[in-house]
Amino acid sequence: MNTTVVPAGLSSGELEKALDAFRAVVGDAHVLTGEDALEFRDPFWHRDWPQFEASGVVQPGSVEEIQAILRIANEQRVPIWTTSTGRNNGLGGSSPRVQGSVVVNLRRMNRVLEINEEMGYAVVEPGVTWSQLYEAIEAGGHRLMVSTTDLGWGSVIGNSLEHGTTYLPYGADFQAPCGMEVVLADGEVLRTGMGALPGSKAWHLYRRGLGPTLDPLFMQSNFGVVVKMGVWLMPKPEVYAPFWMHVPREADLVPLMDTMRRLRMDRTIEGVPVMYNTLTLASITGERSRWYEGDGPTPDHVVDQIAGDLGIGRWIVHGALWDDNAVTDHKIEKITAAIGQIEGGRVLFTKHAPEDIAGLESFPDRVLGGAPSLEWLSFLRWYGTDAGAHTGTGLVSPLEGNEAFRLHTLLKNFIEREMGLDYFANPVLINSRSYIHVFGVIFDVLNSSDTERGYEVCRRVVEDAGREGFGEYRAHLANMDLAQAQYSFGDNAYLRFVERIKDAVDPNGILSPGKQGIWPKSFRNGQG
C-alpha cells in the first residue's frame, strides 16, 4: 500500500492533501502508508494483484475523530473503506473494493463499555474482539457467556455486521446484536431502536423502537459506521454438554439433515450446530500427506480410511446443550434415539460445569462454550505449506435432506471434477429451517496460479449455485457484484432500492463504495 495508488478522479496531490488532513485529526502515528500499511491487506490475496490496493490506513480513536474523517472525505471526495479489526481474511480482510481508497480501521476503539450481568448484555466498540469480550466477562466474575465465533481475533461488531454466525442460542438468526450508535456519511450520529429516545432505559434490551427498525440497514451495507453496539449475553447454565454426531456414509446426509430439522424445530437442540465432512476435521489433525500424496482430490476410499483412522463419520455434527442437568439428560436420550434411526449413526456427549469450559481439551468444545481461540487456523496446513490460505462461499439452503444433498453434490462435483481440489464443507451452519453451506477452498497464497484457481472456483460456484436457487449470504470482496447479480428478481428491484437509499444518505458516495455490490450514483455514472 502506498500513495502512488490513487483513487480514480483524484490526483496524487489531492490524495496527499486529504491524508495530511487525516493526520491533523488522528496524529501522524495513526495514518499508515507504504510498508506500514501492509498488515491491513487480506493476507490471502496474492501480493502481485493490485486490484484492491489501498492508498493508506487511518486509525481513529474516538467517535469525534470518525466524524472529522468523514467530513474531510466528503470535502476532498476521497473514497474510504471502514473495517473494525480487519480480520475478515479470506473474504477481503481490510482491503477496499475501490482501488486507492483510504481504509479507516477501528482497532484503536477497543473498549468494553459496559457489562450488565442482571440484564445480560454488554456494550462494545468496534475494535473489541471476541477474545477481549470473553476475557472481560471472565475477569469480572460475571455468570454470563458470549456466543462467539471460532476465531477470537475478530471484531464482535465487525463479525455481527457481516452476518457472521456464532454458536450459542443467541447466535441463532443473529439475535445477539441489540441497539447501535452509528456515524452517518455526513458525520451525524444516530442511535437505533430505543436509543433514539434520550435517556432510554431499554436501548440494549429491545431490538426495535418506533417506526422502521434500522439496525439491519447497517449490516452488510455502506450506509454508516457503527461505533457502539449492544450484545446479548447468556446466563451460565447448570450444565454444558457438547456433543458430536457421526454418520458413516455420504448419502446419510439426507436423513441427517431431516433429523436435524426436527430436533431444531422442536427446540431439543438450540444454538447453531455445525456440520463438517471428513476432510474438514482431518485438516485440523495433520497434513494430507499423512494419508495421500497423489495429485488431484483425495480419492473416496482414502476418505473412508481417514474416517476410520480418526474414528469419525463421513458427516459430523457438532453442537451443545446449555441447560439444567435433568433437562440435559432428557435431551441426550432424545437426540441419541433420533440419530440411532440412521444405520451406524452415533452420538458422543460429555457434560461439564460451566467453570470447566476454559480447560477442556477439545478447542471446538471450548468455542461452543463461549471461549474463542485461533486453533482452527491449523487447517491451512492441509497441503503441507506454510503459506496456506483459504477463501470460500456461503450458500443458503432449506434444511431439508434432498435439497442438502443436491447442493452438496453440485459443490463436490464442481471442485473435484472441474478443479481437481479437495472438497471441504467448512463448516455447515444449521438453523431451524435453513442452513448455510460454507464451501472452503485451501491453496498456497505464494503460488499465483493456485491462488487464482481458488478464487476462480468461488466465482464459478456463485454463478452455478445461483442458477440452482442457492444464494450467497456473505460475499468475498472480489465477488460482491457477482453475488449481488444473482439477486435479480424484478429486474434487480432490491439493488435499485438500496442504491436509492445509498444516494440519499451518502450523496458524495465516499463511504465504502461497492460494498455488497451497492454503488453510489457517481460510480454508476462512471465518475468514480
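Biologist: In which kind of crossing, left-handed or right-handed, does α5 pass α10?
Modeller: α5 passes α10 in a right-handed crossing. The word follows from how the near helix is turned from the far one: clockwise is right-handed, while anticlockwise by less than a right angle is left-handed. Please keep in mind that this is a predicted model, where local features need pLDDT of at least 70, side-chain atom pairs count only at pLDDT 80 or more, and totals for chains, interfaces and linings use all residues. Residues are numbered from 1 along each chain as its sequence is written, and side-chain values use heavy atoms, with hydrogens and water left out.

Biologist: What makes α5 oblique to α10?
Modeller: Helix α5 (residues 253-265) and helix α10 (residues 401-418) pack at about 130°, their axes 7 Å apart. That angle makes the pair oblique, because oblique is what remains once under 35 degrees is roughly parallel, 65 to 115 roughly perpendicular and over 145 roughly antiparallel. The axes are lines fitted to C-alpha atoms, for helices over the stretch in contact, and angles run from 0 to 180 degrees between N-to-C directions. The helices themselves are DSSP runs (H or I, at least four residues; strands are E, at least two), numbered from the N terminus.

Biologist: Which residues make that contact?
Modeller: Leu253, Val254, Met257, Asp258 and Arg261 of α5 touch Gly401, Asn402, Ala404, Phe405 and His408 of α10, contact being heavy atoms within 4.5 Å. They divide into five nonpolar, three polar and two charged. Here Ala, Val, Leu, Ile, Met, Phe, Trp, Tyr, Cys and Pro are nonpolar, Asp, Glu, Lys and Arg are charged, and the others, Gly among them, are polar.

Biologist: And why is α5 called roughly antiparallel to α8?
Modeller: α5 packs on helix α8 (residues 325-340) at about 155°, with the axes 10 Å apart. That value is what makes the two roughly antiparallel. Their crossing is right-handed. Leu256, Thr259 and Leu263 in α5 meet Ile335, Ala338 and Ile339 in α8, a contact of five nonpolar residues, one polar and no charged.

Biologist: How do you know what counts as a cavity, and how many are there?
Modeller: Rolling a probe the size of a water molecule over the atoms shows where empty space is left. On a 1 Å grid over the protein atoms alone, a cavity is a set of points where a 1.4 Å probe fits but cannot get out; a pocket is an open set with protein on both sides within 12 Å along at least five of seven lines, and lining residues have an atom within 4 Å of a point. By this rule there are four cavities of 30 Å³ or more. The largest cavity has a volume of about 100 Å³, volume being the space filled by probe spheres set on the points, which are joined across faces, edges and corners. Among the 13 residues lining the largest cavity, Ser160, Gly164, Thr166, Ala176 and Pro177 lie nearest its centre. The lining has six nonpolar residues, seven polar and no charged.
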